Amino acid sequence: MKQLKRIATYVFLSIAALVSIFPFLWMLVSMTNKSVDVTKGRLLPGTHLLENLKVLFGQVDIMNAMINSTIIAVITTFLTLLIASLAGYGFEIYRSPGKDRVFSILLISMMIPFAAIMIPLYRLFGQISGTAPFLGIDTLAAALLPTVVTAFFIFFFRQNTKMFAKELVEAGRMDGLSEIGIFFRIYVPTMKTTFAAAAIIAFMNSWNNYLWPLVVLQSPDKLTIPLLISNLGSGYTPDYGVIMTAIVFATLPTAAVFFFMQKHFVAGMMGSVKG
Amino acid sequence: MSQLTKVTNVENPLNKKTFAQRFKKNYMGWLFIVLAVVGISLFYFYPMIQALLLSFQSGMGTNLEYVGLENYMRLFNDPTFISALTNTLIYLLVQVPVMIVLALLFSVLLNDSTLKFKGFFRVAIFLPCVTSLVAYAVIFKYLFGVDGLINELLLNLHLVSEPLNWLSDPFLAKLTIIMAITWRWTGYNMIFYLSALQNVDKQMYEAARIDGASAIQQFFFITVPMLKPIILFTSIVSTIGTLQLFDEVMNITSGGPANATLSISMYIYNLSFEYTPDFGYAATVSYVIVILVVILSIIQFRVAGDRK
C-alpha cells in the first residue's frame with residue numbers, strides 16, 4: 001500500500017513537471033522550425049533556425065526592441081531600488097507614529113488595480129507631452145516612470161530592514177558619518193542580498209510589463225519585447241517560427257537570472273512575506 | 001558584523017538626546033521617504049481621484065462633461081460589460097481555488113523529506129514563473145490552435161474524434177484561459193506554501209500519526225490551519241491579479257469569440273483605445289474593479305477569521 005502511494009506520488013509529480021516544462025521545450029524546438037511546422041505542432045527540431053534568426057534580426061529588428069526593453073528595465077530597476085530602499089530604511093530606522101500612518105496609507109496603493117489608473121495616467125502624460133515632450137506619450141521615460149515607485153518594494157525593504165542591526169546606525173553616527181552616509185556606506189553593503197532579490201524582481205517586472213507600454217508607446221521604434229511579440233502574433237501573416245524565436249529571446253534573460261541566482265530569485269518572489 | 005553588534009550592544013552613554021537632535025532625526029527620516037510618498041501620490045492616488053472624477057463624465061476623447069451617475073446606470077444595460085464582469089468572476093471562482101488546491105497539494109508532496117528528485121520537481125513546477133505573460137500566452141495560443149499540439153495529442157489518444165475548437169468555442173476558450181493562468185501561477189503559490197510548511201512543527205504530524213490520523217486528516221486538521229495566513233495572503237494576491245487579467249486574454253483570444261473571454265481590464269482598454277475613446281465610461285468600469293477588490297478582500301479576511 002505504502003509502495004503504491006509512493007509510486008502514485010512520483011507519477012503525479014512527473015506529469016506536473018512535464019506539463020510545466022513542455023511549453024519551454026516546444027518553444028526551443030519551434031525556434032528551429034518553419035512556420036507551417038510550428039502550427040502543425042512539430043515536435044522534432046528542424047533546420048530553419050538560421051532563417052528565423054535572419055528574419056528576426058533583419059525585418060523584425062528585435063535588436064531595437066531588446067535595447068528599448070533593456071534601457072527601460074535597467075533604469076526602472078535602479079530607480080526602484082534607490083527610492084524603495086531609502087523609504088523602507090526611513091520608515092524603519094526613523095520610526096514615528098506619523099510615519100507609520102503614512103506607511104499604511106502608501107500600502108493601500110497595492111490594492112489599486114492598474115486598469116483603474118491607466119486612463120488618468122495616459123491623460124497625465126498627454127498633458128506633459130505639451131510642455132516636456134521628452135517625458136510625454138511615446139517616450140521610454142513615460143513607459144517607465146509610473147512603474148518606478150511601488151508600495152510592494154517599499155514594504156519589501158522595510159520588512160528586511162527589521163533584520164538589519166540598528167546598532168550599526170549608532171556606530172556610524174559615532175564615526176561621524178552623516179545620516180545619508182550611513183545609508184550608503186553601511187546599510188547598502190550590509191543588505192546586499194536584499195538588494196539582489198529586489199533587483200531581480202524589479203527587472204523581471206519591467207522586462208515583462210505589457211499593458212502600460214502598450215498604452216503609452218506608439219511608434220514602431222519604441223516597441224519593447226512583449227509589445228513586439230504581441231504585434232508579431234497579431235499580424236496578417238504571422239511567421240510562427242520567427243515568433244517562437246522571439247519568445248526564446250524574451251525568456252532568455254529571466255530564465256538565466258533564475259538559474260544563476262535561484263536563491264535570490266525565490267527570496268525576491270516571496271518578498272514581503274517573511275519576517 | 002556580529003562582533004560589531006556585540007560591542008555596540010552595550011548601553012549607549014549618549015542615549016539622552018536634545019530636542020534639536022530629535023528634530024533632526026525626525027526631519028531626516030522624512031527626507032528618506034519623501035521620494036516614495038511623492039511618487040505613490042503622483043502615480044497612484046492622484047490618478048485614482050482623477051478616475052473617480054472621470055467616472056462622472058462622458059463624451060468622446062477630450063470633450064468631456066459631467067453627467068452625474070449616468071455612466072453607472074449605463075453599466076446595468078451594457079451587455080458587453082455584463083459579459084466582461086461575468087467572465088472575470090468565472091475566472092476568479094474557478095481558477096483561484098483550483099490553483100490554490102493544486103499548489104497546496106504539490107507543496108505537501110514536495111515537503112516530504114524522503115522523496116527523491118525533490119529539487120528537480122520544485123524547479124520544474126516553478127519554472128513557468130520565469131516567462132513573461134505575453135510570451136506564454138502566445139505559446140498557449142498555438143498549443144491550443146485547431147491543428148495545434150493539444151488537439152493532435154487528444155486525437156492520437158482517441159480521446160476526441162475530431163479537433164476541438166479551443167479558441168473559438170465560448171466554453172473551451174474560457175477553459176483555455178483558465179488552464180493557461182493555472183500553468184503560469186501554480187508554482188509561484190507553491191513556493192509560498194513550501195516555505196511556510198518548513199515552519200510547521202514536525203512533531204505535530206508525528207503526534208497526529210500516533211493518534212491514528214490519516215494523511216487526509218493531517219492535511220485538513222494540521223496543514224491547512226497552520227498555513228491559513230499564507231493561504232489568505234496568496235488568495236488575496238491571486239484575486240487582485242485575476243481581477244486585473246489582461247495580457248493573457250489579449251494575446252490568446254483577444255476577448256473572443258463574441259466577448260466570451262473578455263475580461264474587465266480588456267474592456268476598459270477597448271473602451272479607451274480601441275473603440276471611439278470614452279474615457280469617462282471606461283473610468284466607471286474601472287471603478288467596478290476597485291469596488292470588487294475591496295469587497296472580495298474584506299470577504300476573504302472574514303472567512304479566514306481575521307487572523308494575521
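## Briefing: the A–B interface and a pocket

Chain B and chain A bury about 8000 Å² between them, and carbon and sulfur atoms give 79% of that area. Buried area is the accessible area (1.4 Å probe) that two parts lose on being put together, summed over both. On the chain B side, Phe32(B), Phe43(B) and Tyr142(B) lose the most area to chain A, together 10% of what that side buries. This is a predicted model: local features need pLDDT of at least 70, side-chain atom pairs count only at pLDDT 80 or more, and totals for chains, interfaces and linings use all residues. Residues are numbered from 1 along each chain as its sequence is written, chains are lettered from A in the order written, and side-chain values use heavy atoms, without hydrogens and water.

**Interface**
- In all, 89 residues of chain B are in contact with 92 of chain A (heavy atoms within 4.5 Å).
- The two chains share 1 salt bridge (a side-chain nitrogen of Lys or Arg within 4 Å of a carboxyl oxygen of Asp or Glu).
- It joins the side chains of Asp112(B) and Arg6(A) (2.5 Å, N to O).
- Helix 2 of chain B (residues 19-54) gives the largest share of the side touching chain A, 21 residues (helices are DSSP runs of H or I, at least four residues, numbered from the N terminus).

**Second largest pocket**
- Its volume is about 1300 Å³ (the space filled by probe spheres set on grid points joined across faces, edges and corners).
- A pocket is an open set of points on a 1 Å grid over the protein atoms alone, where a 1.4 Å probe fits, with protein on both sides within 12 Å along at least five of seven lines; lining residues have an atom within 4 Å of a point.
- Of 29 lining residues, those closest to the centre include Asp112(B) and Arg209(B).
- Helix 1 of chain A supplies the largest share of the lining, 7 residues.

Methods: Helices (H or I, at least four residues) and strands (E, at least two) are DSSP runs, numbered from the N terminus.
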